[in-house]
Amino acid sequence: MKGKQQRPEKAYIWANIDFDKVKNRIDAVTCQIERVIQKHHLSNQTAKSGKRNN
């Protein structure tokens, strides 16, 4: 592979980030994840309380 192109070791990307928007988005996603976990726990509790038919 003599013609292999060398990649730069480091790459920099400059971006304007609105940290308030990022924080709000993270909070929204975190709430969704927590809701999914709560539903999962509830479904596990109801499944364990009764007999499961497989």
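Visitor: What makes Asp 27 count as partly exposed?

Guide: In this predicted model, Asp 27 has a relative accessible area of 35%. Buried requires under 20% and exposed over 50%, so a value of 35% places Asp 27 in between, as partly exposed.

Visitor: Why is the contact between Asp 27 and Lys 23 called a salt bridge?

Guide: The N to O distance between the side chains of Asp 27 and Lys 23 is 3.0 Å. The cut-off is within 4 Å for a Lys or Arg nitrogen and an Asp or Glu carboxyl oxygen, so the pair qualifies. A search of the whole structure finds one salt bridge.

Visitor: Where do Asp 27 and Lys 23 lie relative to each other?

Guide: Both belong to helix 1, which covers residues 19-49. Because they are four residues apart there, about one helical turn separates them. The protein chain has one helix and zero strands.

Visitor: What makes Ile 17 partly exposed?

Guide: Ile 17, in the segment before helix 1, has a relative accessibility of 49%. Exposed would need over 50%, so Ile 17 counts as partly exposed.

Visitor: How many of the 54 residues count as buried, as a percentage?

Guide: The share is 0% of the 54 residues. The accessible surface of the chain comes to about 6,400 Å², of which 54% belongs to carbon and sulfur atoms.

How values were computed:
Residues numbered from 1 in each chain as written. Predicted model: local features only at pLDDT ≥ 70, side-chain atom pairs only at ≥ 80, totals over all residues. Heavy atoms only, no water. Helix = DSSP H or I, 4+ residues; strand = E, 2+ residues; numbered from the N terminus. Buried < 20%, exposed > 50% of the residue type's maximum accessible area, 1.4 Å probe, protein only. Areas by Shrake-Rupley, 256 points an atom, 1.4 Å probe, with all protein chains shown as cover.
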